[in-house]
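Subject: Structure handover

Hello,

Here is the structure I promised to pass on. Please open it beside this email and follow along as you read.

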Amino acid sequence: MVPKISTLGGYIFEYQKSVTNPTGFWSNIAESFYWRKKWDHILDWDFRSGLTKWFQGAKLNLTENIFERHLFFRGNQPAIIWEPNDPSEAHRTLTYSELFIEVQRFSNVLKGLGIKKGDRVAIYLPMVPELVIALLACARIGAVHSVIFAGFSAQSLGERLQDAGAKLLITSDGGYRGSKTIPIKQIADDAMNMCKCVTTAIVLKRTGENIPMVDGRDHWYHDLMKGAGDTCEAEEMDSEDPLFILYTSGSTGKPKGLVHTTGGYMVYTAYTFKNVFQYGDGDVYFCSADIGWITGHSYLVYGPLLSGATSLMFEGVPTWPDAGRFWDIIDKHKVNQFYTAPTAIRSLMALGMDWLQNKSLATLKVLGTVGEPINEAAWHWYHDHIGKNRCPIVDTWWQTETGGIMISPMAGITPTKPSYATMPLMGIQPMIVDQNGKQLMGNSVEGNLCISYPWPGMARTIWGDHERFVNTYFTTYPGLYFTGDGVKRDEDGYYRILGRVDDVINVSGHRLGTAEIENAINEHPLVDESAVVGFSHPIKGQGIYAYVVCTHFSTGGEEGIRNSIMMAVSTMIGPFAKPDKIQIVTGLPKTRSGKIMRRILLKIAEGKTSEFGDITTLLDPEIVNDIVKGSKEI
Ligand code: WT7
């Protein structure tokens, strides 16, 4: 059994142990898992070359730690409870035994289609149980899964399929999201036509729409499953064999395929899940994130299932059929731990208290947030009206790259402060540095957040581009992992995450690179140049403000250009990346060396036009006045 800390004293003691003797600490945690062969060596690392290896020489299969390890005691316990988009459709429950059979059958399906250890399998599915089955079947046979969030466009999906060299794509006819039906297969078809590597597709029937199936390439999920045997021996994996690739945005245009490996990720997600949420036997845990993002991977699928938990997944959106949907689900399934994003809390808060009428919420014990800073008002609303003043809130800071939660309270153990992620978890050694890389010691300091020592859940590389991995994370401050976030450590030593300090923006918990959006906008034939900044937005956290240089207009005029830019971004990335504001300008503020001064564009976007500071280094200071004038009109 993975150890669970239960007191503040216990935390302080364990934390000390974990930083004075990290390898001893983690090998002790790892002992509670099932390894076919134990490790020869616990940790090898060198942050200068971006190298980290945990539990080297160990052999295991992660799914044996979900199924074989739990079946005897938990065979009949629900592993997954699935709540459909439409509340009038029946929910589904899969016990550990049932899920195991489905996973083994699907493992056999994949093998039958020629998928072998190390092959990449891409998954583009809505939030249905088959998504979990697909992930675990890949893990069972040693294939590397790469889930692409079903909100991404064909272009984005195609790029990712190509980058990962995926052989097979698992997708569906369509998907439901609130009142909308999404043409998933159509998007998948366009993407597959764009890349050369995918030769096989498995298509799940979800919406029943009439869709074309390509002969020899496309197969129906239900047809393949019919003939599949229900036992499948697990492939023996090395601790450092890749488990999955997950794409995320960075400060350049091209998305990064972060690679997570098997042993360390398993140990880290299970350990942090149990401790942060203080999950107890029989609890029902509900994470509202999509499996297309790291939160879904680590804290809907892997962490909970490795801990023998009951994990609830929800297909739909919080506001459909009405804004009480989350609370109905919590009451219906007697949810004990609920994990969601600040943006969801803010949007529900804005819709008012009526939606909370007649909701009991009495089963809730722990509330969690993730993905972006939570403002104090939203924290209090969550605490008072959802947690009814009795549920601790865990504000969990982490990243796609970290694999699991890094700085967070442990529920009911760490005293909380609104908007603070509080304290590092066991084994995590945060370091705050200034612009020059000088470590800021002591309390009451503010700077850039780095981590100075490896932890088992961290990403090992960027798929196909280790140099980029090193350059992105380990060269800004040599010898340290740089997170890209600003942070404050207050007078009590508590951490508060201040947001990104690089060219990454966080829109409703979706991470986007400004360069990525600019590239999409620049594709428009009438656009000469553009600059994108993220500005404070009351619901989304950050909104997207695009300054676009256009000198020629087509028949639709400015409005026409704005609309077609929106379309272009939707097509190139996905609808969630559409700018909130587009301002057509005649030029951008640039330094004499040609660098765009984003600082100024950000001030304009936030309406703080009296705080420009020194603009004398600008090539053409006049342009600033023009942009300010224009900004008032949109
Ligand atoms: C970025 C990572 C980790 C799962 C979801 C997002 C921001 C994340 C918090 C938090 C303040 C947070 C950071 C981070 N972030 N959690 N509790 N408080 N900011 O994963 O897409 O990789 O984004 O999200 O800026 O760097 P991601």
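One salt bridge is counted between domain 1 and domain 2. Arginine 511 forms a salt bridge with glutamate 401. Their closest N and O atoms are 2.7 Å apart. Please keep in mind that this is a predicted model.

Across the boundary, 24 residues of domain 1 are in contact with 20 residues of domain 2. The size of an interface is often given as the accessible area lost when the parts come together. Here the two domains bury about 1500 Å² between them. Of that area, 49% is on carbon and sulfur atoms.

Next, a sheet. Four strands form an open sheet, in the order β21-β22-β24-β25, and the pairing is antiparallel. Why is one side of β21 and of β25 left without a neighbour in the sheet? Both strands stand at the edges, each with a single partner strand, so one side of each has no neighbour there. From one strand to the next, the twist averages 45°.

Look at β21 itself, residues 430-433. Pro430 and Ile432 point one way, while Met431 and Val433 point the other way. All of these residues are buried. Four bridges join β21 to β22 (residues 445-451), and the two strands run antiparallel.

Now some loops. Asparagine 85 sits in the loop between β4 (78-83) and β5 (92-95). Is asparagine 85 buried or exposed? Its relative accessibility is 3%, so asparagine 85 counts as buried. Leaving aside residues up to four places away in sequence, asparagine 85 touches several others, among them Tyr176, Arg177, Phe314, Glu315 and Trp320.

A cis peptide bond joins tryptophan 320 and proline 321, with omega about -5°. Proline 321 lies in the loop between β17 (310-314) and α11 (325-333). Why point this out? Most residues other than glycine have a negative phi, and most peptide bonds are trans.

Leucine 361 has a positive phi of about 60° although it is not a glycine. Leucine 361 is in the loop between α12 (342-350) and β19 (366-370). With 0% relative accessibility, leucine 361 counts as buried. Lysine 388 is not a glycine, yet its phi is positive, at about 45°. Lysine 388 lies in the loop between α13 (376-386) and β20 (393-396). At 35% relative accessibility, lysine 388 counts as partly exposed.

Last stop: phenylalanine 612. Which loop holds it? Phenylalanine 612 is in the loop between α17 (598-605) and α18 (622-631). Phenylalanine 612 has a relative accessible area of 11%, so it is buried. Leucine 602 is ten residues from phenylalanine 612 in sequence. In space the two are 9.7 Å apart, C-alpha to C-alpha. Not counting residues up to four places away in sequence, phenylalanine 612 touches Arg599, Ile600, Lys603, Ile604, Val624 and Val628.

Best wishes

Note on methods. Residues numbered from 1 in each chain as written. Predicted model: local features only at pLDDT ≥ 70, side-chain atom pairs only at ≥ 80, totals over all residues. Heavy atoms only, no water. Buried < 20%, exposed > 50% of the residue type's maximum accessible area, 1.4 Å probe, protein only. Pairing = 2+ DSSP bridges. Axes fitted to C-alpha atoms, helices over the stretch in contact; angles between N-to-C directions. Contact = heavy atoms within 4.5 Å. Buried area = accessible area lost by both parts, 1.4 Å probe. Salt bridge = Lys/Arg side-chain N within 4 Å of Asp/Glu carboxyl O.
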